[in-house]
Amino acid sequence: MLKTLLIIPLLVAAHLAAAQTAEEYFGMAQEAEKRFQFDEAIGYYEQAAGLWGGQGHLFYQGLLYLTIGKLHHALGRLDTAGDAFNRALALSQELDDAEFTLACLHNLGEVHKDLGAFDKALDFYDRAVPVAEELGSSDKITAILNNQAEIHRLIGKYEQALHVYGTALEIAAGSGNAEVTADVLSNMGAVHQSMRSYREAVR
């Protein structure tokens, strides 16, 4: 009994020490980012993520994987970025956090678009739409539709791109967001330009 009572404070102390260390690693990572030492920052974020995950702080762990993925993406390490985003996505779904899940799906769509894996990118965007609808955010829905339509434009499916942009335009106009509406109209103009260029090329 005495041995058990002695162990409990040690376990509590270890828990607190690990949490403090995770916060320290997080601070060190942010400082490294400010110095543009991104690989160093990633290493510290990984350390913090592991420690927070070990203590059951899955939300913090997931956010760090999302941050790590964004850094790898910015550095052009697309496959590694995708791995980090997938780890974040798994945690977001375990936590049943819609906002977090949407961010992961969006980033996975962007990575696969940059990889040229357009079908996979569209799949992630397709999965993101109902999550954005669940959140009730017209701006988020419009952003996802914009991403989908851009991929259709890139692969030459111009009519499909215009159809998706049309849906985005209806939502943006209905929400009264003039800036987003103008952005969608500009994107639709780019599709029409691509269509004209294509027609000229095949004459």
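Modeller: Contact means that heavy atoms lie within 4.5 Å. Take Q61 as a case: leaving out residues up to four places away in sequence, Q61 touches A49, W52, G53 and L91.

Biologist: What kind of model is this?

Modeller: This is a predicted model: local features need pLDDT of at least 70, side-chain atom pairs count only at pLDDT 80 or more, and totals for chains, interfaces and linings use all residues. Residues are numbered from 1 along each chain as its sequence is written, and side-chain values use heavy atoms, with hydrogens and water left out.

Biologist: In which helix is Q61 found?

Modeller: Helices (H or I, at least four residues) and strands (E, at least two) are DSSP runs, numbered from the N terminus. Q61 sits in helix α3.

Biologist: Is Q61 buried or exposed?

Modeller: Buried means under 20% relative accessible area, exposed over 50%, and partly exposed in between (1.4 Å probe, protein chains only). Q61 has a relative accessible area of 11%, so Q61 is buried. Across the 203 residues of the protein, 38% count as buried.

Biologist: How many helices and strands does the protein have?

Modeller: There are 9 helices and 0 strands. Read from the N terminus, the order is α-α-α-α-α-α-α-α-α. Now look at contacts with a separation of 6 or more: 50% of them in the protein join residues 24 or more positions apart.

Biologist: How many salt bridges does a search of the whole structure find?

Modeller: A salt bridge is a side-chain nitrogen of Lys or Arg within 4 Å of a carboxyl oxygen of Asp or Glu. The search finds 7. Among them is E31 with K34, whose closest N and O atoms are 3.4 Å apart. Both residues lie in helix α1 (residues 2–34), 3 residues apart, which is about one turn of the helix. K34 is exposed, at 60% relative accessible area, whereas E31 is partly exposed, at 41%.

Biologist: Which residue forms a salt bridge with D39?

Modeller: R77 does, with the closest N and O atoms 2.7 Å apart. D39 is in helix α2 (residues 38–54) and R77 is in the loop between α3 (58–74) and α4 (78–95), so the pair ties together parts that are 38 residues apart in sequence. D39 is partly exposed, with a relative accessible area of 48%. R77 is also partly exposed, at 30%.

Biologist: What do the side chains of R87 and E46 meet in?

Modeller: They meet in a salt bridge, at 3.9 Å from N to O. R87 in helix α4 and E46 in helix α2 are 41 residues apart, so this pair links distant parts of the chain. R87 is partly exposed, at 40% relative accessibility. E46 is partly exposed too, with a relative accessible area of 30%.

Biologist: At roughly what angle do the axes of α4 and helix α5 cross?

Modeller: Axes are lines fitted to C-alpha atoms, for helices over the stretch in contact, and angles run from 0 to 180 degrees between N-to-C directions. The axes of α4 and α5 (residues 98–115) cross at roughly 160° and come within 9 Å. Those two helices are therefore roughly antiparallel (angles over 145 degrees).

Biologist: Which residues in α4 and α5 meet?

Modeller: From α4, they include L78, A81, F85, L89 and L95. From α5, they include F100, C104, L108, V111 and L115.

Key
Parallel < 35°, antiparallel > 145°, perpendicular 65-115°, else oblique.
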